Amino acid sequence: MTELPAKTDRKMGLVIDLDTCVGCHACVISCKGWNTENYGAPLSDQEPYGGDPSGTFLNRVHSYEVQPEHGHAQLIHFPKSCLHCEDAPCVTVCPTGASYKRVEDGIVLVNEDHCIGCGLCAWSCPYGARELDLAEGVMKKCTLCVDRIYNENLPEIDRTPSCVRTCPAGARHFGDLGDPDSDVSKLVAERGGMDLMPEMGTKPVNKYLPPRPKDRIEDQIDILAPLLAPVAEEPQGFLAWLDKALDKLPGQSSGGAN
Amino acid sequence: MHPAPSVILFTTFSGLGFGLLVFLGLGLPAVTGTVAFVFYAIAYALAVGGLLASTFHLGRPERAWRALTQWKTSWLSREGVCAVAALIVMALYAFGAVFLDSHWTLLGWTGAGLSLATVFTTSMIYTQLKAIPRWNMELTPAVFLSFSLAGGALLAGAEDLAPWLLAIAGAVQLAYWAKGDRALETSGTNLGTATGLGGRGAVRAFEPPHTGSNYLLREFVHVVGRKHAQKLRIIAFVLGFALPLLLILTPVQGFAVKHLLAALAVLSHLAGVAVSRWLFFAQAEHVVGLYYGKR
């Protein structure tokens with residue numbers, strides 16, 4: 001049944017640091033790589049080498065420019081994948097029961113053998129976290145790498161979602177957001193982690209850490225600059241003679257007050 | 001939203017078909033024998049034809065039967081259950097009317113109720129979606145129900161009711177457009193809340209995640225044809241409601257002329273509703289478009 005569990009034992013999810021993300025898209029590629037070869041149907045591409053390439057991705061990185069009222073604009077790279085919402089609309093709209101939220105860890109998954117590919121779950125998701133695979137005709141979404149995080153065949157360091165393991169900037173964190181003492185929960189509390197579109201009432205588990213304020217660029221940016229100021233404004237000695245001599249020559253001198 | 005022809009055909013035809021079944025179930029008109037057979041054939045062709053068309057947009061149509069299982073939570077599942085129940089009950093009622101010359105009133109009323117419930121559940125599939133503010137309004141079920149009843153009355157030849165129901169449906173349509181045009185703004189969702197960065201300044205989509213298109217853009221960000229929206233609204237309103245009203249209110253003599261005008265009214269209404277339904281999808285803005293700097 002596609003009823004949401006009243007409560008999940010744990011709330012596994014991601015914390016994404018918008019201050020640290022450099023927008024390299026490595027998480028996108030590692031996600032595509034792992035999830036094409038493992039859980040469920042592969043993530044197909046259509047016309048990958050043709051004129052209009054497109055394909056199924058479970059994670060995409062946008063870039064936004066934020067222009068404050070005063071000061072400089074800031075560029076923010078913004079990875080977006082399934083937020084594993086507590087009140088996930090994609091689960092309850094599913095007519096077949098293919099879409100479900102796990103009681104043990106809160107991960108939202110699709111049973112691809114039951115999915116009819118009606119697309120209604122993707123319609124209901126405000127975040128665009130679900131994509132219908134055109135080759136397979138079933139809905140694909142982030143599984144939080146459910147086939148990695150409990151996989152005892154992998155070394156312990158690899159038992160995190162592929163995107164988290166790959167991120168070279170350390171901008172992605174994985175853990176139990178239902179446990180207030182977990183590292184991710186502490187990080188969220190410390191940095192003021194936020195929800196996307198809270199007004200939709202989806203109660204996302206994944207949190208985003210806002211970018212830290214940028215350093216202010218003062219009028220004087222270099223404390224050594226005064227020491228390097230020219231000691232003589234007017235040329236003297238040989239340079240003064242040369243300056244005058246050149247001025248006397250016919251033709252126009254370009255630049256400079258003299 | 002991408003206006004998929006299969007879904008537009010489904011909602012238009014099955015809405016009309018179930019509307020006709022409502023009137024037939026209520027005994028308006030209380031037809032029997034061959035005439036009843038023709039009425040029910042039209043109603044079933046529209047309703048079942050529409051349902052079949054809707055399976056064409058599925059990725060895995062062979063598993064469509066599974067959609068009947070989740071009626072506890074899913075409006076799409078409830079729609080499937082209601083549609084199957086309505087079609088079975090009305091088939092029994094039709095059997096009595098066509099072959100046994102009898103009207104089993106209780107069965108007819110049940111079938112009418114289930115037919116109306118089918119249209120309501122269809123409308124709730126769209127209404128429930130908070131991610132599409134233009135659909136997430138009380139007026140959405142009103143649009144589906146009033147259109148279905150007006151079309152049903154027109155097809156059933158309910159001369160007393162049809163003009164009123166057409167006028168009501170036309171008024172609901174105008175109200176839906178007026179309110180819908182403000183829905184995205186009043187929803188409070190914008191790129192600022194979508195990214196959580198709105199408090200820091202004006203947020204602008206600087207670079208999309210990919211150079212090509214993707215499923216999300218194809219399915220949810222349909223902007224082609226929106227520039228003709230006002231013209232299409234006039235066409236939908238005139239064909240769907242004004243012209244049929246004029247045609248059935250025109251006083252004419254003779255059985256044939258009257259039926260010809262009624263047939264024209266039905267065809268005009270059908271075309272108008274189809275255009276309105278196209279706009280219903282094409283103009284609906286999914287909030288995921290905001291992430292791409294579009295709407």
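Which pattern does chain B follow when read along the sequence? Chain B follows α-α-α-α-α-α-α-α-β-α-α-α-α, where helices (H or I, at least four residues) and strands (E, at least two) are DSSP runs numbered from the N terminus.

## Basis of the model

This is a predicted model, in which local features need pLDDT of at least 70 and side-chain atom pairs count only at pLDDT 80 or more, while totals for chains, interfaces and linings use all residues. Residues are numbered from 1 along each chain as its sequence is written, and chains are lettered from A and ligands numbered from 1 in the order in which they are written.

## Chain B as a whole

Chain B has 12 helices and 1 strand, and its C-alpha trace spans about 70 × 45 × 30 Å along the principal axes. With 295 residues, a compact globule would have a radius of gyration near 19 Å, and the 21 Å of chain B agrees with this; the radius is taken over C-alpha atoms, and the globule rule is 2.2 Å times the number of residues to the power 0.38.

An unreviewed UniProt entry annotates as "transmembrane region" several spans of chain B, including residues 37-59 and 80-100; such annotations may be inferred rather than shown by experiment, and their positions are given in the numbering used here, with feature names shortened. The end C-alpha atoms of residues 37-59 of chain B lie 35 Å apart, and that span is 83% helix and 0% strand. For residues 80-100 of chain B, the end C-alpha atoms lie 29 Å apart, and the span is 95% helix and 0% strand.

## Where the chains touch

The contact takes 53 residues from chain A and 47 residues from chain B, two residues being in contact if their C-beta atoms, placed from the backbone, lie within 7 Å. On the side of chain A that touches chain B, the largest share, 8 residues, comes from β4(A).

β4(A) also pairs with strand β1 (residues 202-207) of chain B, in the antiparallel sense and over 5 bridges, where pairing requires that DSSP finds at least two bridges between two strands. Within this pairing, Gln67(A) stands opposite Ala202(B) in β1(B).

## A contact of Val288(B)

Not counting residues up to four places away in sequence, Val288(B) touches Pro126(A), Tyr127(A) and Gly128(A) from chain A, together with Ala131(B), Leu216(B) and Phe220(B) from chain B.
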